[in-house]
Amino acid sequence: MPFDSREIAIRVRAFLAESSPALAGLPIPRIAAMLPPALESYLRSLYNDGNKRQQLMKKVTATAVNGEVDLTPLLDGATTRIFLPDIRRVTVFLASTKKPFTWVGNREQLDFARIGSNESPAIFLDGAILYTRNNADGLTDSLNEAVFFTVAVFPATFAAIPVSLQMDFLAYAVDFIKEKFALVKGVI
Amino acid sequence: MPVSELIKIAARINWLIGSRGNAFDATVSDDRFIAEEITRAIVESESEIVRDLAESDNAMKNFMMAWSANLTHGQTLPEHLGTVEAVQIQKYAGGTFEPGEKTTRENIRLWRANYNNIFDPLSHTTLGTTLCGYFNLTNQTIEFTGTAAQVRICNYTPNYAALQISDEFDGLLVAGGMSKLLKIGVPTALVNHYANAYQAGRGLIRQGATAVAEINEAQERDD
């Protein structure tokens, strides 16, 4: 069974009922409505937690069009969300040949001839766009194929939360909702 | 629980007012008294006792409680005596009825609308949703999430041919019947004596004199 909002809401309700009699009657739909902001808040907590980030590492594939890989769909994707600074810390590969791109210091360097008769492709991250220089020739806009890299992929949905973090999110959601209710009702 | 028998109550009253033909006979031999009047006095007493039961917390009223026909969202409740004892809701078309849970009208409105699936990916009438099964009763109007609702209410209609109440109330029916017979010439002292007993019995019902069932206490949480 997927880890969905219904399961989470029911589990959260059980936690809340045990922690405070005043929250025992909180209906499932009201808890379910509070889960998306809880997930968002949880993601922000994961950004700074190196140990938990390890469990989010996934291979991500993107496609270069005319030498550019637009990463913006991955920043707020329906299924895949990445943290942009992570890209710069890992190696990007050309999917077809598995050759690693070499990070260059600025975009202008992509126009320079590459070492080893251009056998090593180069790459530069500017904002949310990866600019590439193919190994085949000297043009920066010639690459039209997939690249891949491995970074922490943050869950965009409840079902995407790794099994090893599901109960961690559950505990986080309980605290999140308790905190919100404490502000409103002063019952905790 | 056995139902009280009109003929036995009438015979008892006949005996008390001295109008009997034979001992414990419902036949009225004394033409000063009218059998129909005695019968109606008994049934009217039953009506009063039923109303007392319906308007108090008393398990003896179960015999006259029944589920209403299917109600739609926003429908006014059918006429009934006393309070609504329970609500059951059919969560989706073709599903079984299950006990409903009370919530606010605002929740009902929000959950029925379920704007942008904020509360559940499924609508309130879909199998598997968490939105169904809630109700609100305000001013005799029911609002709910789910397909249909039924309320458990008192549906008593007097029957002058047979009693419907449990024979646990035989004594009270005799007292009630006696208290209404001044008009056919039963002595005032006798009428007053039974009227007092009748009012005392009704008062006990109104006050909810039945003992709290042990199971209620056993089921209470210890936290």
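In what order do the four strands of the open sheet in chain B stand, and is their pairing parallel or antiparallel? The order is 1-8-3-4 and the pairing is antiparallel, where strands are DSSP runs of E with at least two residues, helices are DSSP runs of H or I with at least four residues, and both are numbered from the N terminus. Two strands pair if DSSP finds at least two bridges between them. This is a predicted model, in which local features need pLDDT of at least 70 and side-chain atom pairs count only at pLDDT 80 or more, while totals for chains, interfaces and linings use all residues. Residues are numbered from 1 along each chain as its sequence is written, and chains are lettered from A and ligands numbered from 1 in the order in which they are written.

The edges of the chain B sheet are strand 1 (65-67) and strand 4 (97-99), each of which pairs on one side only. Strand 3 (residues 81-90) of chain B is joined to strand 4 of chain B by three bridges, the two running antiparallel, and Q88(B) has P99(B) as its bridge partner in strand 4.

Chain A also holds an open sheet of four strands, with the order 2-7-6-5 and mixed pairing. Its edges are strand 2 (68-70) and strand 5 (102-103) of chain A, and because each has a single partner strand, one side of each is left without a neighbour in the sheet. Three bridges link strand 2 of chain A with strand 7 (residues 129-133) of chain A in an antiparallel arrangement, and E68(A) has Y131(A) as its bridge partner in strand 7.

The domain assignment, which is automatic or taken from a database, divides chain A into domain 1 (5-53 + 162-185) and domain 2 (56-154). Five residues from domain 1 and four residues from domain 2 of chain A make up their contact, two residues being in contact if their C-beta atoms, placed from the backbone, lie within 7 Å. On the domain 1 side, helix 2 (residues 28-47) of chain A supplies the largest share, three residues. Between the chains, the contact takes ten residues from chain B and eight residues from chain A.

Burial gives another view of the model: a residue is buried if 20 or more other C-beta atoms lie within 10 Å of its own, exposed if 12 or fewer, and partly exposed in between, with C-beta atoms placed from the backbone. In helix 4 (residues 170-178) of chain B, seven of the nine residues are buried, so this helix is largely enclosed by the rest of the structure. The buried residues, among them L172(B), V174(B) and M178(B), pack against helix 1 (6-17), helix 2 (35-54) and helix 5 (188-206) of chain B.

In chain A, A173(A) touches I8(A), V12(A), L35(A) and A38(A), not counting residues up to four places away in sequence.

Some loop residues deserve a separate look. L110(A) lies in the loop between strand 5 and helix 6 (115-118) of chain A, and L110(A) counts as buried because it has 21 C-beta neighbours inside 10 Å. In chain B, N114(B) is in the loop between helix 3 (105-113) and strand 6 (134-138); its phi is near 45°, a positive value in a residue other than glycine, and N114(B) is partly exposed, with 19 other C-beta atoms within 10 Å. Q140(B), in the loop between strand 6 and strand 7 (141-144) of chain B, has a positive phi near 60° and counts as partly exposed with 13 C-beta neighbours inside 10 Å.
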